[in-house]
Amino acid sequence: SGIVLVAINPYEQLPIYEQDVIYAYSGQNMGDMDPHIFAVAEEAYKQMARDEKNQSIIVSGESGAGKTVSAKYAMRFFATVGGSASETNIEAKVLASSPIMEAIGNAKTTRNDNSSRFGKYIQIGFDKRYHIIGANMRTYLLEKSRVVFQVR
């Protein structure tokens, strides 16, 4: 396991995910700035470009912690630093299929009224210049029991 960043949902919009923050983290070394999803994304992006090897970012947390939102921010970072942000809204396109799948398997929990029962595996494709050229999202069922019957 590599570097771990804990995501916490503040339940309000904060100005720490804006375009200027993306540019502030772009090109920086891990640890030079405060811990942030953009620091993790920058490290993965740099290693992909330097080593020419696939990279992975695992986003984990409890229900309502902001895992899907963290994934969106990482995709926004890649689209911006890769020069794709103005050409396509990749995060919206990749996540567009999510509501259809989750409509079947979401459940109300004590922390989240619409908690996903699905895991998401998102693959983002880059060209030789490290621009995003496409992506796909695979979902897998985590808690089949909540979809099959109603808890009494």
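The paragraphs below go from the overall fold to the core, the helices, the aromatic rings and the annotated positions.

This is a predicted model, in which local features need pLDDT of at least 70 and side-chain atom pairs count only at pLDDT 80 or more, while totals for chains, interfaces and linings use all residues. Residues are numbered from 1 along each chain as its sequence is written, and side-chain values use heavy atoms, with hydrogens and water left out.

The secondary structure of the chain comes to six helices and two strands, where helices (H or I, at least four residues) and strands (E, at least two) are DSSP runs numbered from the N terminus. Read from the N terminus, these elements follow the order α-α-α-α-α-β-β-α. Of the 152 residues in the chain, 29% count as buried; here buried means under 20% relative accessible area, exposed means over 50%, and partly exposed lies in between, with a 1.4 Å probe and protein chains only. Among the contacts in the chain (heavy atoms within 4.5 Å) that have a separation of 6 or more, 46% are made by residues 24 or more positions apart.

In soluble globular proteins, nonpolar side chains tend to be buried together. A nonpolar core is taken here as a set of buried Ala, Val, Leu, Ile, Met, Phe, Trp, Tyr and Cys residues joined through side-chain atoms within 4.5 Å. The largest such core has 15 residues, and those with the most contacts inside it are Y25, I37, F38, A41, A74, F77 and F78. Helix 1 (19-25), helix 2 (37-51) and helix 3 (67-81) each supply at least two residues of this core, and helix 2 gives the most, with six residues.

Helix 2 has 15 residues and reaches 21 Å from its first C-alpha to its last, close to the 21 Å expected at 1.5 Å a residue, the expected span being 1.5 Å times one less than the number of residues in the helix. Its buried residues are I37, F38, A39, V40, A41, E42, E43, A44, Y45 and M48, and they pack against helix 1, helix 3 and strand 1 (118-126). Just after helix 2, E52 takes a positive phi of about 50°.

Helix 3 likewise has 15 residues and a reach of 21 Å between its first and last C-alpha, close to the 21 Å expected at 1.5 Å a residue. The buried residues in helix 3 include S70, A71, Y73, A74, M75, F77, F78, A79 and T80. Leaving aside residues up to four places away in sequence, F78 touches A41, Y45, I57, I124, F126 and I132. Just after helix 3, G83 takes a positive phi of about 80°.

Rings of Phe, Tyr and Trp (its six-membered ring) pair if their centres lie within 6.5 Å, and planes under 30 degrees apart count as stacked, over 60 as edge-to-face and the rest as tilted. The structure holds eight aromatic pairs. The rings of Y25 and F38 have their centres 6.5 Å apart and their planes at 65°, so this pair is edge-to-face; the pair links distant parts of the chain, with Y25 in helix 1 and F38 in helix 2, 13 residues apart. Y25 is buried, with a relative accessible area of 7%, and F38 is buried as well, with a value of 0%. The rings of Y45 and F78, by contrast, have their centres 6.2 Å apart and their planes at 25°, so that pair is stacked. It joins Y45 in helix 2 to F78 in helix 3, 33 residues apart, and both residues are buried. One aromatic cluster is formed by Y17, Y25, F38, Y45, Y73, F77, F78 and F126.

Finally, an unreviewed UniProt entry lists G61, E62, S63, G64, A65, G66, K67 and T68 for "binding site", with the caution that such annotations may be inferred rather than shown by experiment. From this set, G64 is found in the loop between helix 2 and helix 3 and is buried, with a relative accessible area of 17%. T68 is found in helix 3 and is partly exposed, with a relative accessible area of 33%.
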